[in-house]
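Hi,

Here's the structure I promised to pass on. Have a look at it first, and then read my notes below.

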Amino acid sequence: MAKVELHNWYRQYRTLKDQHPDAILFFRFGDFYETFDDDAKLIAELLDVTLTRKDYAIDRSKPKDQQKLFSPMAGMPYHAVESYVARLVGQGYRVAIAEQLSETESSRGDTRPRSVFAAGLEQSERQRGMVHREVVRIVTPGTLVDPALLPAAANNYLAAVIAEQDRIGLAYADLSTGEFAAVEFGDERAAARLEGELSRLNVAETLVPDDDALRLPGLTPATAGLTQDLAPLTKDERDVLLPHERIARRVDGTNNARWTRGHITALPVWRWDLATAHETLLRQLRVGVLSGFGLDDKPLATRAAGALLQYVHETQRHDAAHITTIRVYTTGAFMFLDPQTRRNLEILESSGGKSKGTLVHVLDRTRTPMGARLLRAWLTQPLLDLHALHARQEAVARCVDDALMRAELRQALGAIGDMERAVNRIAQGPTTALPRDLAQLRQSLRALPAVIASAGAVSATLLDEGAPDVAPTTATDTDTPGADDDDELFGEPAAAPEPAQRDEPQSPAPVAAMLDNCADVCALLEQALDDDPPALLGASNYLRCEDGGERPRRMIRPGYDAQMDTLVKANRDAQSFIDGLEARERASTGIKSLKVDYNKVFGYYIEISRNYADQAPPHYERKQTLVAAERYITAELKEYESIVLNAQQRLIELEREAFRRICEAVAAHTERLRATARGLARIDAIAALAETAVRERYTRPTLDTGTHLRIRGGRHPVVEQALDEAFVPNDIDLDAEQQQLLIITGPNMAGKSTVLRQVALIVLLAQIGAFVPADEAQIGLVDRIFTRIGAQDDIATGQSTFMVEMTETAALLSQSTRRSLIILDEVGRGTSTYDGMAIARAVVEYIHNEPRLQCRTLFATHYHELTALDTLLPRVRNYHMAAVEQDGHVVFLHELRPGGADRSYGIHVAELAGIPRPVIRRAGELLAELENREPRSTSSPTPDRETKTLASAERTPPGVGQLSLFDIAPNPVVEYLKRLNVNELTPLEALTKLYELQKIAQDTVDL
């Protein structure tokens, strides 16, 4: 016979914990969610919850006063559980929610609302006298659906990634909106393309196989543990402490417990089996074949999508009925933005991790959460299709031109809630949906006619997408030229995409004809849902008296459910009978001291003092004898008592059944409601872009398929808003044929980086269909933007600042095409002067001469020697940021002017930064000495001056001064010929190259 006897609840806890060893188990115990053992210690450390203890077993081998065995325990009340779960999930932990599914003596008749995780659960039978508990949800970073746990303006993506040989499959889903998509990459650059997609999606959680051979380096699951063991406080210890002092005590020794933590989760390799994944997808999408979705020739995408669905089923504990389709896409329809470019341009997130000071912060004047999410999707996927871009531009222009319509439309949109997420929660059924979801949907549908009326004067321009707002759908995408599986993203440059030939547009339909107002769904909700329903099931009070008191708060409107109406009426009649019973019985018996009362043990009763007990009527049944009185009950009172005492519990049961029926009725219209939500999101995003354009004085850019980039009066959209003074605009003129590469010099703090970034941001804005911060802009479509800006290191992987810089430079040189836009800032500054200048010049020459590249490039540098390249390379031009020196101080003009800068004013900038004056004076002396030894190059070096510079450099002793790069560089004609691929040249291109070589040779001889 075992000497240690475990309590039944603890056996149950251990069974559930063993099923989810890597998650923190929240175990429902009455009004609390409790954690035990190592989970309790972790909760106490992470969330500052008091670490207490609870007896979990009896050890019969010990003395009687020492037989109780205790387990560490930490918990929180059920009504506050969301905030604790949010904090844990935000730190990357998984939380398993174990709910009580059967009634206890204390919960029977309890009409308080349940927690958000148990609101729609059905009650089950007790297990041999023990409360039945099950894990009803596993909450992870990528599977959040509860509104309180999600950011309203951003998607929350769960991704699955599998790699095999040189191919990678990616699937992703947002469970709160029902979005589900997959893509497969298949070339030597597949890993870089995957990194770009994961960065674009800002994935909350990534699923990978638990087999190293099927996952990429860097996608390795992480674990977390306690740094030190903890001991719980006893009750006596807690009582003498203030609440903020009740922290866990650290004790000697380590704790070996481990939990999954982070945003990468490993799944068993069998879940990634192709046959298993295929069958999972067929069941989920309710189809017989997957060919209609474009998955036939994408086995890795299929495996990733199937594994993701299995994870959703496991964590959500339901079949995810709101996921009804999968979108298979390619990346060829969108501009490629690598993670470094997204970071450098601060599109969605600033360098400090905030949304303020970003491009989206400037643009986001949306009125609905759906519109805010769509705007972010547009910013991360700029378009390459001219027709789609022109459609968006026209929609924005219509809103810009009609100020009254725009104002009315935006006001109407303000009454629309998060219709998209509400619909998807309702589609998942009563175990996920809440009454507030129905109320939010009704609110949105009520406001919908006003939106349609406001936009009624505008044609379907607002809803003419031209092309999908998101990546192309179905297998037919692969038939589109330039949008095949590999989409030539890293191969040879493809021909410029020409606007598709389309039929002449017919008369535009009014918005009302394209935007379904779902009037029947609204009518259903108006009929079924009360005006102000509570947030949770079970919080209604149908029995509260309306006469002169507070109005009953209920979910179901009177008149919708006949059983509920009948029960409410019967309860009120019964209560009215009981309320008047005392007066009637006093009159009929003549006993003036008779009273009718109630207590929780005996219920309702009639009480007569002992002196009048002999006058009790024969139909009174004695219920209880007291010292000074007798208590009675009657058959009629029993009947009405039963109605009154059971009414509230029965009403909760009927409410739950009515709620289920309403959810099913609304879910039948899910696709219509989703389409309407998408239409509202598009209208909102368009109106927001128009509002920004008007407020910030943006103009409509001209887009075509050329390779030019001309901006007049361009401004940085973020910096302009942050300034208290007028922003100094600048012009840019780039052309892959004539003026391909601009070398920009000038002092620090003069605005070089601002100009570089503003050009990239203007191009990006133009290619989402928005207006741009410029007086005028003409932009040839850019297929990708690459930026190398700033100094960063990656100590975790052992990469220095210079190594990171070279890695990013290598990536952009290998991935760019003739249609790309390259932004380079201070290449080569992380190493010695000679090395840096050599690398910088080699990069410039490669971009200029490499036939695959020759793309539009802005190259900012402090190597003034590079300004001589405009005499050697025909498509290189010099520009500088203007600055003047007055009274020993530098004044930055923030103007971009032709020609190279003659100095960098670094000492002046150091003085502005607060460097001590002795250091500044000494630096000035040293600079003067070095300048006397070596003449500086001018902004537009002539051959004579360059010759003097080279001669001076030859006379300079080693290690003194800064030598020109050009005296040690190889012959540019020879280098050009080495890189030239003669087999790829047409006769006309050959003649052009020969002319360029002759020009370079002449310039070299002149030097």
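Predicted model: local features only at pLDDT ≥ 70, side-chain atom pairs only at ≥ 80, totals over all residues.

You'll find Ser 350 in the loop that links α8 (339–345) to α9 (359–363). Leaving aside residues up to four places away in sequence, Ser 350 touches Lys 356, Gly 357 and Thr 358.

Next, the cavities. There are three of 30 Å³ or more, and the largest cavity holds about 120 Å³ of space. Its lining is made of 15 residues, with Glu 197, Thr 331, Met 335, Phe 336 and Arg 342 nearest the centre. Which helix gives the largest share of that lining? That's α4, with four residues. Both α4 (190–201) and β18 (336–337) supply at least two residues each. Sorted by class, the lining has seven nonpolar, four polar and four charged residues.

Last, the sheet. Four strands form an open sheet in the order β19-β20-β22-β21, with antiparallel pairing. At the edges sit β19 (595–599) and β21 (621–625), each pairing on one side only. From one strand to the next, the twist averages 40°. Five bridges join β19 to β20 (603–609) in the antiparallel sense; Val 596, for one, has Ile 606 in β20 as its bridge partner.

Two helices go with this sheet. Helix α17 (562–589) lies across β19 and β20, at about 5° to β20. Helix α18 (635–667) packs on the sheet too, touching β19, β20, β21 and β22 (629–633), and its direction makes about 140° with that of β20.

Cheers

Terms used: Residues numbered from 1 in each chain as written. Heavy atoms only, no water. Contact = heavy atoms within 4.5 Å. 1 Å grid on protein atoms, 1.4 Å probe; cavity = no way out; pocket = protein on both sides within 12 Å on 5 of 7 lines; lining within 4 Å. Points joined across faces, edges and corners; volume = space filled by probe spheres on them. Nonpolar A, V, L, I, M, F, W, Y, C, P; charged D, E, K, R; others polar. Pairing = 2+ DSSP bridges. Axes fitted to C-alpha atoms, helices over the stretch in contact; angles between N-to-C directions.
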